Amino acid sequence: MELYSGYINQLIEELAALPGIGNKSAQRLAFHLINMPQDKVNRLAKVMMEAKANICYCKECYTLTDREICPVCANRNRNHKLIMVVENTRDLAAYEKTQKYDGVYHVLHGAISPMLGIGPGDIKLKELMERLSGDVEEVIIATNSSLEGETTAMYIGKLIKPTGIKVTRIASGVPVGGDLEYIDEVTLLRALEGRTEI
Ligand code: ZN
């Protein structure tokens with residue numbers, strides 16, 4: 001027996017497919033949306049569609065941005081010879097929040113995971129290597145301290161080593177398996193300052 005009408009079921013189904021939202025939350029959200037004033041629902045739908053339509057990868061660091069070159073890469077006061085490699089745009093934001101890092105970034109959009117079938121070709125690794133043909137002094141690998149993050153760090157280290165460019169890894173002390181975005185700024189800075197050459 002269908003508990004709700006088709007539209008409600010559809011809405012619940014779509015919401016439940018989002019990460020971190022179980023069936024109960026999806027139902028709560030669905031009824032909340034239905035009870036919202038029409039103009040608020042329209043606005044929500046509009047910003048979702050506009051974000052999807054207008055967000056693209058920065059041509060230099062591959063972070064998600066609504067410009068061709070993101071504000072960090074476009075900033076000439078940043079040290080463009082220092083590249084920090086992160087797994088995603090949220091990790092970049094975590095480091096930006098500290099306001100202490102003056103280099104630029106490279107966003108991989110994932111990490112190597114043999115278990116999930118994600119190989120080096122599935123993340124923005126080729127793009128990183130292409131950037132290294134420019135004037136780069138150091139690459140800081142700031143992938144997460146999860147198994148996937150460590151695997152990725154090792155792989156990148158081996159790849160860059162022959163180029164003679166300095167490769168460093170942020171210090172552990174970042175909780176194992178912890179997503180960078182959930183770590184406080186002091187811990188992040190300590191990890192950055194304590195980075196060691198690999
Ligand atoms: Zn950029």
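I counted as donors the N, O and S atoms within 2.8 Å of the metal. The model I worked from is predicted.

**Zinc site**

I looked up the zinc ion first. Its ligands are the SG atoms of Cys-58, Cys-61, Cys-70 and Cys-73, at 2.3 Å. Along the chain these donors follow the spacing C-x2-C-x8-C-x2-C. I then placed two of them on the fold: Cys-58 sits in the loop between β1 (56-57) and β2 (64-65), and Cys-70 in the loop between β2 and α4. The pair is 12 residues apart and links distant parts of the chain.

For the geometry I checked the angles. The 4 donor atoms subtend 106 to 116 degrees around the zinc ion, so the arrangement is tetrahedral; the cut-off asks for all angles between 85 and 135 degrees.

Are Cys-58 and Cys-70 buried or exposed? I noted Cys-58 as buried because its relative accessibility is 0%. Cys-70 has 4% relative accessibility and therefore also counts as buried. The limit for buried is under 20%.

**Nonpolar cores**

Next I went through the largest nonpolar core, which has 37 residues. Within this core, Met-84 and Tyr-95 touch the most other members. I listed the elements that give two or more residues to it: α4 (71-74), β3 (79-86), α5 (89-98), β4 (103-107), α6 (125-131), β5 (138-141), α7 (147-160) and α8 (185-193). The top contributor is β3, with 5 residues.

Another core, of 8 residues, lies apart from the largest one; Ile-8, Ile-12, Leu-33 and Met-36 are among its members.

**Sheet**

In which order do the strands of the open sheet run? I read the order as β4-β3-β5-β6-β7, 5 strands with mixed pairing. At the edges are β4 and β7 (196-197), each of which pairs on one side only.

I looked at one strand pair in detail. β6 (residues 166-169) and β7 are antiparallel, joined over 2 bridges. In that region Thr-168 stands opposite Glu-197 of β7.

Definitions and conventions:
Residues are numbered from 1 along each chain as its sequence is written. This is a predicted model: local features need pLDDT of at least 70, side-chain atom pairs count only at pLDDT 80 or more; totals for chains, interfaces and linings use all residues. Side-chain values use heavy atoms; hydrogens and water are left out. A nonpolar core is a set of buried Ala, Val, Leu, Ile, Met, Phe, Trp, Tyr and Cys residues joined through side-chain atoms within 4.5 Å. Buried means under 20% relative accessible area, exposed over 50%, partly exposed in between (1.4 Å probe, protein chains only). Helices (H or I, at least four residues) and strands (E, at least two) are DSSP runs, numbered from the N terminus. Donors are N, O and S atoms within 2.8 Å of the metal (3.2 Å for Na, K and Ca); water is not among the atoms, so sites may look incomplete. Four donors count as tetrahedral if all angles lie between 85 and 135 degrees; four count as square planar and six as octahedral if opposite donors are over 155 degrees apart and all others between 65 and 115; anything else is irregular. Two strands pair if DSSP finds at least two bridges between them.
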